[in-house]
Amino acid sequence: MLDLSEKIISKIESKQIRPRPRWQFIAKKYAVFTIGIAALILGSLAFSLVLHLVKNQDWELQTIGRYRFLILIISSLPFVWLIFFISILALIYYNFRQLRKGYKYPTRTIILSSLAITIFFGGLAAILGLNQELHETLNNHLPPSFRAVLDTRRPAWDRPQAGLLAGKIIDLDRSHFTLEDPHLFHWQVQLDDQTVIATETELHLDDQVKIIGLALPPNIFIAQEIRPWERLTLPRHRPPLTPPLN
Amino acid sequence: MLETEPQDREKTDNELVALTLADKGNFVYLLHRYEDKLKRYIHRISSFSQEETEDILQEVFLKVYKNLNGFDPDLKFSSWIYRITHNQVISQHRRNLARPKTVEIDVNIMNGLKAEFDLNQDIWDTDQREEINKIIWRLKPKHRDILILRFFEEKSYEEISDILEKPSGTVATLIHEAKKEFKQYWPQDIN
(Lines give C-alpha, C1' and ligand atoms only; values in the text may rest on other atoms or scores of the structure.)
Protein backbone atom coordinates (compact mmCIF):
# COMPACT_ATOMS: atom_id res chain seq x y z
CA MET A 1 0.00 0.00 0.00
CA LEU A 2 1.28 3.46 -0.97
CA ASP A 3 1.98 5.95 1.79
CA LEU A 4 0.72 9.53 1.48
CA SER A 5 3.96 10.93 0.01
CA GLU A 6 4.05 8.27 -2.64
CA LYS A 7 0.39 8.86 -3.47
CA ILE A 8 1.02 12.57 -3.93
CA ILE A 9 4.13 12.08 -6.07
CA SER A 10 2.32 9.52 -8.19
CA LYS A 11 -0.67 11.88 -8.60
CA ILE A 12 1.66 14.71 -9.66
CA GLU A 13 3.22 12.43 -12.24
CA SER A 14 0.08 10.74 -13.53
CA LYS A 15 -1.85 14.01 -13.88
CA GLN A 16 1.27 15.81 -15.10
CA ILE A 17 0.73 18.57 -12.54
CA ARG A 18 3.23 21.40 -12.85
CA PRO A 19 3.86 24.46 -10.69
CA ARG A 20 2.05 27.50 -12.06
CA PRO A 21 4.54 29.66 -13.96
CA ARG A 22 6.17 32.51 -12.10
CA TRP A 23 4.86 35.15 -14.52
CA GLN A 24 1.30 34.47 -13.35
CA PHE A 25 2.21 35.40 -9.79
CA ILE A 26 4.13 38.47 -10.96
CA ALA A 27 1.19 39.51 -13.18
CA LYS A 28 -1.21 39.12 -10.25
CA LYS A 29 1.07 41.19 -8.03
CA TYR A 30 1.20 44.03 -10.58
CA ALA A 31 -2.54 43.78 -11.23
CA VAL A 32 -3.25 44.17 -7.51
CA PHE A 33 -0.83 47.10 -7.33
CA THR A 34 -2.33 48.79 -10.41
CA ILE A 35 -5.90 48.34 -9.18
CA GLY A 36 -4.82 49.84 -5.84
CA ILE A 37 -3.32 52.93 -7.51
CA ALA A 38 -6.36 53.30 -9.80
CA ALA A 39 -8.67 53.02 -6.79
CA LEU A 40 -6.70 55.71 -4.94
CA ILE A 41 -6.96 58.02 -7.97
CA LEU A 42 -10.70 57.36 -8.36
CA GLY A 43 -11.24 57.82 -4.63
CA SER A 44 -9.40 61.16 -4.72
CA LEU A 45 -11.46 62.33 -7.69
CA ALA A 46 -14.71 61.22 -6.03
CA PHE A 47 -13.74 63.13 -2.90
CA SER A 48 -12.86 66.22 -4.96
CA LEU A 49 -16.31 66.02 -6.61
CA VAL A 50 -17.92 65.81 -3.17
CA LEU A 51 -15.97 68.94 -2.21
CA HIS A 52 -17.04 70.67 -5.40
CA LEU A 53 -20.72 69.93 -4.85
CA VAL A 54 -20.66 70.88 -1.19
CA LYS A 55 -18.74 74.07 -1.88
CA ASN A 56 -21.06 75.07 -4.70
CA GLN A 57 -24.25 74.21 -2.89
CA ASP A 58 -26.65 77.11 -2.65
CA TRP A 59 -26.74 77.17 1.12
CA GLU A 60 -28.43 80.55 1.14
CA LEU A 61 -31.61 78.94 -0.20
CA GLN A 62 -32.65 78.41 3.37
CA THR A 63 -32.17 82.10 4.16
CA ILE A 64 -34.60 83.08 1.45
CA GLY A 65 -37.11 80.71 2.99
CA ARG A 66 -37.20 78.12 0.24
CA TYR A 67 -35.75 75.31 2.37
CA ARG A 68 -35.19 74.38 5.96
CA PHE A 69 -31.48 74.15 6.62
CA LEU A 70 -31.52 70.52 7.80
CA ILE A 71 -33.60 69.42 4.83
CA LEU A 72 -31.26 71.34 2.54
CA ILE A 73 -28.22 69.63 4.06
CA ILE A 74 -29.73 66.16 3.79
CA SER A 75 -31.12 66.67 0.32
CA SER A 76 -27.95 68.20 -1.00
CA LEU A 77 -25.46 65.62 0.28
CA PRO A 78 -23.83 64.12 -2.80
CA PHE A 79 -24.93 60.59 -1.91
CA VAL A 80 -23.89 59.01 -5.20
CA TRP A 81 -20.33 60.30 -4.91
CA LEU A 82 -20.21 59.55 -1.20
CA ILE A 83 -21.34 55.96 -1.81
CA PHE A 84 -18.84 55.71 -4.68
CA PHE A 85 -16.12 57.12 -2.41
CA ILE A 86 -16.92 54.63 0.38
CA SER A 87 -17.01 51.77 -2.15
CA ILE A 88 -13.60 52.83 -3.41
CA LEU A 89 -12.28 52.83 0.17
CA ALA A 90 -13.63 49.29 0.57
CA LEU A 91 -11.91 48.30 -2.69
CA ILE A 92 -8.63 49.85 -1.51
CA TYR A 93 -8.94 47.93 1.76
CA TYR A 94 -9.67 44.62 0.01
CA ASN A 95 -6.91 45.27 -2.49
CA PHE A 96 -4.38 46.11 0.21
CA ARG A 97 -5.20 42.85 1.97
CA GLN A 98 -4.26 41.01 -1.23
CA LEU A 99 -0.73 42.39 -1.08
CA ARG A 100 1.83 39.93 0.24
CA LYS A 101 2.21 41.63 3.59
CA GLY A 102 -1.17 43.35 3.53
CA TYR A 103 -2.49 41.32 6.44
CA LYS A 104 0.23 42.72 8.71
CA TYR A 105 -1.57 46.05 9.01
CA PRO A 106 -4.61 46.60 11.23
CA THR A 107 -7.89 47.47 9.50
CA ARG A 108 -8.04 50.96 11.02
CA THR A 109 -4.52 51.75 9.77
CA ILE A 110 -5.42 50.76 6.22
CA ILE A 111 -8.75 52.63 6.28
CA LEU A 112 -7.33 55.78 7.89
CA SER A 113 -4.30 55.81 5.57
CA SER A 114 -6.40 55.42 2.43
CA LEU A 115 -8.79 58.04 3.75
CA ALA A 116 -5.89 60.44 4.41
CA ILE A 117 -4.36 59.82 0.95
CA THR A 118 -7.65 60.27 -0.93
CA ILE A 119 -8.54 63.37 1.08
CA PHE A 120 -5.10 64.86 0.45
CA PHE A 121 -5.12 64.22 -3.30
CA GLY A 122 -8.84 65.05 -3.56
CA GLY A 123 -8.14 68.36 -1.81
CA LEU A 124 -5.21 68.99 -4.13
CA ALA A 125 -7.43 68.30 -7.16
CA ALA A 126 -9.95 70.78 -5.75
CA ILE A 127 -7.26 73.45 -5.25
CA LEU A 128 -6.11 72.92 -8.83
CA GLY A 129 -9.70 73.16 -10.07
CA LEU A 130 -9.64 69.66 -11.57
CA ASN A 131 -12.84 68.78 -9.77
CA GLN A 132 -14.80 71.53 -11.48
CA GLU A 133 -13.44 70.50 -14.88
CA LEU A 134 -14.32 66.88 -14.20
CA HIS A 135 -17.76 67.86 -12.99
CA GLU A 136 -18.40 69.92 -16.11
CA THR A 137 -17.09 67.16 -18.36
CA LEU A 138 -19.43 64.68 -16.71
CA ASN A 139 -22.29 67.17 -16.95
CA ASN A 140 -21.69 67.73 -20.64
CA HIS A 141 -21.44 64.08 -21.53
CA LEU A 142 -24.04 62.43 -19.35
CA PRO A 143 -27.76 62.26 -20.17
CA PRO A 144 -29.96 64.63 -18.11
CA SER A 145 -31.33 61.85 -15.91
CA PHE A 146 -27.78 60.91 -14.81
CA ARG A 147 -26.89 64.54 -14.19
CA ALA A 148 -29.78 64.87 -11.80
CA VAL A 149 -28.56 61.85 -9.84
CA LEU A 150 -24.89 62.84 -9.76
CA ASP A 151 -25.40 66.53 -9.09
CA THR A 152 -27.35 66.80 -5.86
CA ARG A 153 -27.86 70.51 -6.34
CA ARG A 154 -30.31 69.75 -9.14
CA PRO A 155 -33.27 68.45 -7.09
CA ALA A 156 -33.20 71.64 -5.00
CA TRP A 157 -33.62 73.63 -8.23
CA ASP A 158 -36.19 71.32 -9.71
CA ARG A 159 -39.14 72.79 -7.82
CA PRO A 160 -40.75 75.39 -10.10
CA GLN A 161 -43.87 75.55 -7.93
CA ALA A 162 -41.63 76.62 -5.02
CA GLY A 163 -40.02 79.20 -7.29
CA LEU A 164 -36.80 77.33 -8.02
CA LEU A 165 -35.95 76.38 -11.57
CA ALA A 166 -32.80 75.35 -13.42
CA GLY A 167 -31.96 74.32 -16.94
CA LYS A 168 -30.38 75.26 -20.22
CA ILE A 169 -31.16 78.38 -22.26
CA ILE A 170 -32.28 77.17 -25.65
CA ASP A 171 -33.73 80.38 -27.04
CA LEU A 172 -32.98 83.97 -26.13
CA ASP A 173 -34.77 87.30 -26.66
CA ARG A 174 -34.47 90.74 -25.06
CA SER A 175 -37.20 90.32 -22.52
CA HIS A 176 -37.46 86.61 -22.16
CA PHE A 177 -35.76 83.34 -22.95
CA THR A 178 -36.74 79.71 -23.26
CA LEU A 179 -35.33 77.34 -20.71
CA GLU A 180 -35.23 73.57 -21.00
CA ASP A 181 -35.43 71.92 -17.59
CA PRO A 182 -33.98 68.44 -16.72
CA HIS A 183 -37.29 66.85 -17.74
CA LEU A 184 -36.91 68.50 -21.18
CA PHE A 185 -39.90 70.74 -20.41
CA HIS A 186 -39.68 74.18 -21.99
CA TRP A 187 -40.29 77.27 -19.84
CA GLN A 188 -40.80 80.80 -21.08
CA VAL A 189 -38.73 82.80 -18.61
CA GLN A 190 -39.75 86.45 -18.41
CA LEU A 191 -37.34 89.16 -17.28
CA ASP A 192 -38.02 92.69 -16.17
CA ASP A 193 -36.15 95.64 -14.68
CA GLN A 194 -36.25 94.11 -11.23
CA THR A 195 -34.62 90.85 -12.30
CA VAL A 196 -31.25 90.33 -10.68
CA ILE A 197 -28.63 88.57 -12.72
CA ALA A 198 -25.77 87.12 -10.72
CA THR A 199 -23.41 86.52 -13.53
CA GLU A 200 -20.30 88.23 -14.74
CA THR A 201 -21.11 87.45 -18.32
CA GLU A 202 -24.11 88.01 -20.46
CA LEU A 203 -26.65 85.29 -20.93
CA HIS A 204 -25.93 83.04 -23.87
CA LEU A 205 -27.58 80.21 -25.64
CA ASP A 206 -26.76 76.84 -24.04
CA ASP A 207 -25.86 78.49 -20.72
CA GLN A 208 -26.89 76.44 -17.69
CA VAL A 209 -28.68 78.74 -15.25
CA LYS A 210 -30.75 78.54 -12.11
CA ILE A 211 -33.60 80.93 -11.46
CA ILE A 212 -35.53 82.10 -8.44
CA GLY A 213 -38.95 83.39 -9.35
CA LEU A 214 -42.58 82.59 -9.76
CA ALA A 215 -44.10 79.85 -11.89
CA LEU A 216 -47.32 80.63 -13.74
CA PRO A 217 -49.31 78.06 -15.66
CA PRO A 218 -48.83 76.64 -18.12
CA ASN A 219 -45.10 77.33 -18.72
CA ILE A 220 -44.32 80.88 -17.70
CA PHE A 221 -41.65 81.63 -15.14
CA ILE A 222 -41.21 85.19 -13.89
CA ALA A 223 -37.53 85.52 -13.02
CA GLN A 224 -36.59 87.47 -9.91
CA GLU A 225 -32.98 86.31 -9.84
CA ILE A 226 -30.84 84.43 -12.35
CA ARG A 227 -27.61 82.71 -11.45
CA PRO A 228 -25.13 80.77 -13.54
CA TRP A 229 -25.30 77.07 -12.73
CA GLU A 230 -21.66 76.64 -11.82
CA ARG A 231 -20.32 79.88 -10.53
CA LEU A 232 -21.87 81.68 -7.65
CA THR A 233 -20.96 85.33 -7.63
CA LEU A 234 -22.47 88.11 -5.62
CA PRO A 235 -25.76 89.30 -7.12
CA ARG A 236 -25.69 92.60 -8.83
CA HIS A 237 -28.57 94.60 -10.26
CA ARG A 238 -28.46 95.21 -13.96
CA PRO A 239 -31.03 97.80 -14.84
CA PRO A 240 -32.43 97.43 -17.37
CA LEU A 241 -31.79 93.87 -18.49
CA THR A 242 -30.87 93.57 -22.12
CA PRO A 243 -29.65 90.09 -22.93
CA PRO A 244 -27.94 90.11 -26.30
CA LEU A 245 -29.29 88.26 -29.21
CA ASN A 246 -26.93 85.56 -30.45
CA MET B 1 8.33 4.06 1.00
CA LEU B 2 10.41 6.93 -0.31
CA GLU B 3 13.40 7.63 1.88
CA THR B 4 14.82 10.96 2.91
CA GLU B 5 18.55 11.12 2.30
CA PRO B 6 20.64 12.41 5.21
CA GLN B 7 22.08 15.37 3.27
CA ASP B 8 18.55 16.59 2.49
CA ARG B 9 17.72 16.80 6.15
CA GLU B 10 20.34 19.53 6.42
CA LYS B 11 18.84 21.61 3.64
CA THR B 12 16.58 24.50 4.53
CA ASP B 13 12.97 24.58 3.39
CA ASN B 14 13.77 27.36 0.93
CA GLU B 15 16.60 25.31 -0.58
CA LEU B 16 14.24 22.36 -0.95
CA VAL B 17 11.69 24.62 -2.66
CA ALA B 18 14.35 25.73 -5.15
CA LEU B 19 15.43 22.12 -5.68
CA THR B 20 11.81 21.03 -6.22
CA LEU B 21 11.30 23.72 -8.85
CA ALA B 22 14.37 22.37 -10.62
CA ASP B 23 13.32 18.73 -10.24
CA LYS B 24 9.90 17.66 -9.00
CA GLY B 25 11.38 14.52 -7.46
CA ASN B 26 12.78 16.68 -4.65
CA PHE B 27 9.25 17.49 -3.51
CA VAL B 28 9.28 14.24 -1.61
CA TYR B 29 11.71 15.74 0.93
CA LEU B 30 9.28 18.53 1.71
CA LEU B 31 6.49 15.97 1.94
CA HIS B 32 8.41 13.91 4.46
CA ARG B 33 9.38 16.97 6.45
CA TYR B 34 5.81 18.22 6.87
CA GLU B 35 3.55 15.21 6.53
CA ASP B 36 3.43 14.22 10.19
CA LYS B 37 3.49 17.78 11.53
CA LEU B 38 0.57 18.82 9.36
CA LYS B 39 -1.36 15.63 10.01
CA ARG B 40 -1.07 16.33 13.73
CA TYR B 41 -2.04 19.97 13.21
CA ILE B 42 -5.15 19.04 11.21
CA HIS B 43 -6.14 16.59 13.95
CA ARG B 44 -5.71 19.29 16.56
CA ILE B 45 -7.81 21.95 14.89
CA SER B 46 -10.49 19.72 13.40
CA SER B 47 -12.39 16.55 13.95
CA PHE B 48 -11.60 14.92 10.64
CA SER B 49 -11.11 11.19 10.46
CA GLN B 50 -7.76 9.71 9.50
CA GLU B 51 -8.98 9.23 5.95
CA GLU B 52 -10.39 12.76 5.66
CA THR B 53 -7.19 14.17 7.10
CA GLU B 54 -5.16 12.39 4.45
CA ASP B 55 -7.45 13.75 1.73
CA ILE B 56 -7.01 17.27 3.08
CA LEU B 57 -3.28 16.80 3.35
CA GLN B 58 -3.13 15.57 -0.20
CA GLU B 59 -4.98 18.71 -1.34
CA VAL B 60 -2.64 20.85 0.74
CA PHE B 61 0.51 19.35 -0.77
CA LEU B 62 -0.86 19.58 -4.30
CA LYS B 63 -1.72 23.25 -3.70
CA VAL B 64 1.75 23.85 -2.31
CA TYR B 65 3.32 22.17 -5.33
CA LYS B 66 1.21 24.12 -7.83
CA ASN B 67 1.96 27.43 -6.10
CA LEU B 68 5.66 26.93 -5.40
CA ASN B 69 6.57 29.77 -7.77
CA GLY B 70 4.38 32.09 -5.74
CA PHE B 71 6.06 31.29 -2.44
CA ASP B 72 7.44 34.44 -0.88
CA PRO B 73 10.92 33.67 0.46
CA ASP B 74 10.52 36.50 2.99
CA LEU B 75 8.01 34.25 4.71
CA LYS B 76 8.96 31.08 6.55
CA PHE B 77 8.01 28.09 4.42
CA SER B 78 6.50 26.45 7.49
CA SER B 79 4.21 29.46 8.03
CA TRP B 80 3.16 29.32 4.40
CA ILE B 81 2.34 25.61 4.45
CA TYR B 82 0.53 25.92 7.80
CA ARG B 83 -1.50 28.80 6.33
CA ILE B 84 -2.51 26.69 3.33
CA THR B 85 -3.40 23.82 5.66
CA HIS B 86 -5.40 26.08 7.96
CA ASN B 87 -7.34 27.55 5.03
CA GLN B 88 -7.95 24.10 3.58
CA VAL B 89 -9.40 22.93 6.89
CA ILE B 90 -11.53 26.08 7.13
CA SER B 91 -12.79 25.54 3.60
CA GLN B 92 -14.21 22.21 4.75
CA HIS B 93 -16.41 24.38 7.01
CA ARG B 94 -15.47 22.45 10.09
CA ARG B 95 -18.37 20.18 9.21
CA ASN B 96 -17.25 17.46 11.55
CA LEU B 97 -16.98 19.76 14.52
CA ALA B 98 -19.85 18.06 16.35
CA ARG B 99 -17.94 14.85 16.70
CA PRO B 100 -16.33 14.10 20.07
CA LYS B 101 -12.77 15.23 19.87
CA THR B 102 -9.54 15.00 21.77
CA VAL B 103 -6.18 16.61 21.22
CA GLU B 104 -2.90 14.94 22.02
CA ILE B 105 -1.40 16.54 25.10
CA ASP B 106 2.10 15.37 25.85
CA VAL B 107 4.19 16.27 28.91
CA ASN B 108 5.81 19.29 27.25
CA ILE B 109 2.50 20.75 26.14
CA MET B 110 1.02 20.09 29.56
CA ASN B 111 3.90 21.82 31.32
CA GLY B 112 3.66 24.75 28.93
CA LEU B 113 -0.06 25.08 29.57
CA LYS B 114 0.42 24.83 33.33
CA ALA B 115 2.99 27.61 33.30
CA GLU B 116 1.00 29.79 30.93
CA PHE B 117 -2.33 29.40 32.67
CA ASP B 118 -1.04 29.34 36.25
CA LEU B 119 -2.32 25.82 36.79
CA ASN B 120 -1.11 23.71 39.68
CA GLN B 121 2.35 22.50 38.63
CA ASP B 122 2.24 19.41 40.85
CA ILE B 123 -0.85 17.93 39.34
CA TRP B 124 -0.34 15.84 36.26
CA ASP B 125 -3.12 13.44 35.84
CA THR B 126 -5.69 12.18 33.44
CA ASP B 127 -8.39 14.42 34.91
CA GLN B 128 -6.50 17.55 34.00
CA ARG B 129 -5.72 16.27 30.55
CA GLU B 130 -9.36 15.43 29.94
CA GLU B 131 -10.45 18.78 31.30
CA ILE B 132 -8.07 20.61 28.97
CA ASN B 133 -9.42 18.61 26.06
CA LYS B 134 -12.97 19.48 26.95
CA ILE B 135 -12.17 23.15 27.39
CA ILE B 136 -10.20 23.38 24.14
CA TRP B 137 -13.30 22.15 22.29
CA ARG B 138 -15.61 24.50 24.17
CA LEU B 139 -13.61 27.54 23.14
CA LYS B 140 -14.65 29.78 20.27
CA PRO B 141 -13.03 28.42 17.08
CA LYS B 142 -10.84 31.52 16.67
CA HIS B 143 -9.60 31.09 20.25
CA ARG B 144 -9.05 27.36 19.86
CA ASP B 145 -7.10 27.86 16.62
CA ILE B 146 -4.81 30.42 18.16
CA LEU B 147 -4.18 28.44 21.37
CA ILE B 148 -3.36 25.33 19.36
CA LEU B 149 -0.91 27.25 17.19
CA ARG B 150 0.68 28.94 20.20
CA PHE B 151 0.87 26.12 22.74
CA PHE B 152 0.56 22.90 20.77
CA GLU B 153 2.40 23.85 17.58
CA GLU B 154 4.65 26.24 19.53
CA LYS B 155 4.53 28.96 16.91
CA SER B 156 5.77 32.48 17.60
CA TYR B 157 3.43 35.49 17.39
CA GLU B 158 5.08 36.40 14.09
CA GLU B 159 4.51 32.93 12.67
CA ILE B 160 0.89 32.88 13.86
CA SER B 161 0.42 36.27 12.22
CA ASP B 162 1.71 34.81 8.94
CA ILE B 163 -0.37 31.62 9.24
CA LEU B 164 -3.66 33.26 10.15
CA GLU B 165 -2.93 36.37 8.05
CA LYS B 166 -3.69 38.70 10.91
CA PRO B 167 -1.69 41.66 12.28
CA SER B 168 0.63 40.78 15.19
CA GLY B 169 -1.36 43.06 17.48
CA THR B 170 -4.54 41.14 16.68
CA VAL B 171 -2.72 37.86 17.38
CA ALA B 172 -1.66 39.14 20.80
CA THR B 173 -5.21 40.27 21.56
CA LEU B 174 -6.66 36.95 20.43
CA ILE B 175 -4.22 34.99 22.58
CA HIS B 176 -5.11 37.17 25.56
CA GLU B 177 -8.84 36.64 24.95
CA ALA B 178 -8.36 32.90 24.37
CA LYS B 179 -6.49 32.54 27.66
CA LYS B 180 -9.21 34.46 29.43
CA GLU B 181 -11.89 32.23 27.93
CA PHE B 182 -9.87 29.12 28.79
CA LYS B 183 -9.49 30.19 32.43
CA GLN B 184 -13.18 30.97 32.61
CA TYR B 185 -13.94 27.30 31.91
CA TRP B 186 -11.12 25.92 34.09
CA PRO B 187 -12.69 24.38 37.23
CA GLN B 188 -11.24 25.78 40.46
CA ASP B 189 -11.24 22.41 42.25
CA ILE B 190 -8.73 20.98 39.75
CA ASN B 191 -6.32 23.88 40.11
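**Burial, helices and cores**

Mentor: Of the 246 residues in chain A, 26% count as buried. Please keep in mind that this is a predicted model.

Trainee: What span should helix α5 of chain A have at 1.5 Å a residue?
Mentor: Helix α5(A) covers residues 107-127, which is 21 residues.

Trainee: Why can the buried residues of α5(A) be said to line one face of the helix?
Mentor: The buried residues are Ser114(A), Thr118(A), Gly122(A) and Ala125(A). On the other side of α5(A), the exposed residues include Phe120(A) and Leu124(A). The buried residues line one face because, seen down the helix axis, they fall within an arc of 60 degrees.

Trainee: Which helices do the buried residues of α5(A) pack against?
Mentor: The residues concerned include Thr118(A) and Gly122(A), both buried. Their packing partners belong to chain A: α2, α4 (79-98) and α6 (130-141).

Trainee: Which element supplies the largest share of the side of chain A that touches chain B?
Mentor: In this interface, 20 residues of chain A are in contact with 27 residues of chain B. On the side of chain A, α1 (4-14) and α2 (22-55) each supply at least two residues. By class, that side has eleven nonpolar, one polar and eight charged residues. The largest share, eight residues, comes from α1(A).

Trainee: What covers the buried residues of α4 in chain B?
Mentor: Helix α4(B), residues 50-66, reaches 24 Å from its first C-alpha to its last, close to the 24 Å expected. Its buried residues include Leu57(B), Val60(B) and Phe61(B). The cover includes α3 and α5 of chain B, together with α1 of chain A.

Trainee: Which element gives the most to the largest nonpolar core?
Mentor: This core has 39 residues, and those touching the most other members are Leu31(B), Leu38(B), Ile42(B), Phe61(B), Ile81(B) and Ile146(B). Among the elements that each supply at least two residues are α1 of chain A and α3, α4 and α5 of chain B. The core also draws at least three residues from each of domain 1 (6-91) and domain 2 (107-185) of chain B. With ten residues, the element giving the most is α3(B).

Trainee: Which residues does Leu38(B) touch, not counting residues up to four places away in sequence?
Mentor: Leu38(B) is one of the residues with the most contacts to other members of the largest nonpolar core. Beyond four places away in sequence, Leu38(B) touches Leu57(B), Val60(B), Ile81(B) and Thr85(B).

Trainee: Where does the largest share of the side of domain 1 of chain B that touches domain 2 come from?
Mentor: The C-alpha centres of these two domains of chain B lie 24 Å apart, and nine residues of domain 1 are in contact with nine of domain 2. The elements giving two or more residues to the side of domain 1 are α3 (27-45) and α5 (77-91) of chain B. The largest share, four residues, comes from α5(B).

Key: Residues numbered from 1 in each chain as written. Chains lettered and ligands numbered in written order. Predicted model: local features only at pLDDT ≥ 70, side-chain atom pairs only at ≥ 80, totals over all residues. Domains from an automatic or database assignment. Contact = placed C-beta atoms within 7 Å. Nonpolar A, V, L, I, M, F, W, Y, C, P; charged D, E, K, R; others polar. Expected span 1.5 Å × (residues − 1). Buried ≥ 20, exposed ≤ 12 C-beta atoms within 10 Å, placed from the backbone. Core = buried A, V, L, I, M, F, W, Y, C linked by C-beta atoms within 7 Å. Arc of directions from axis to C-beta.
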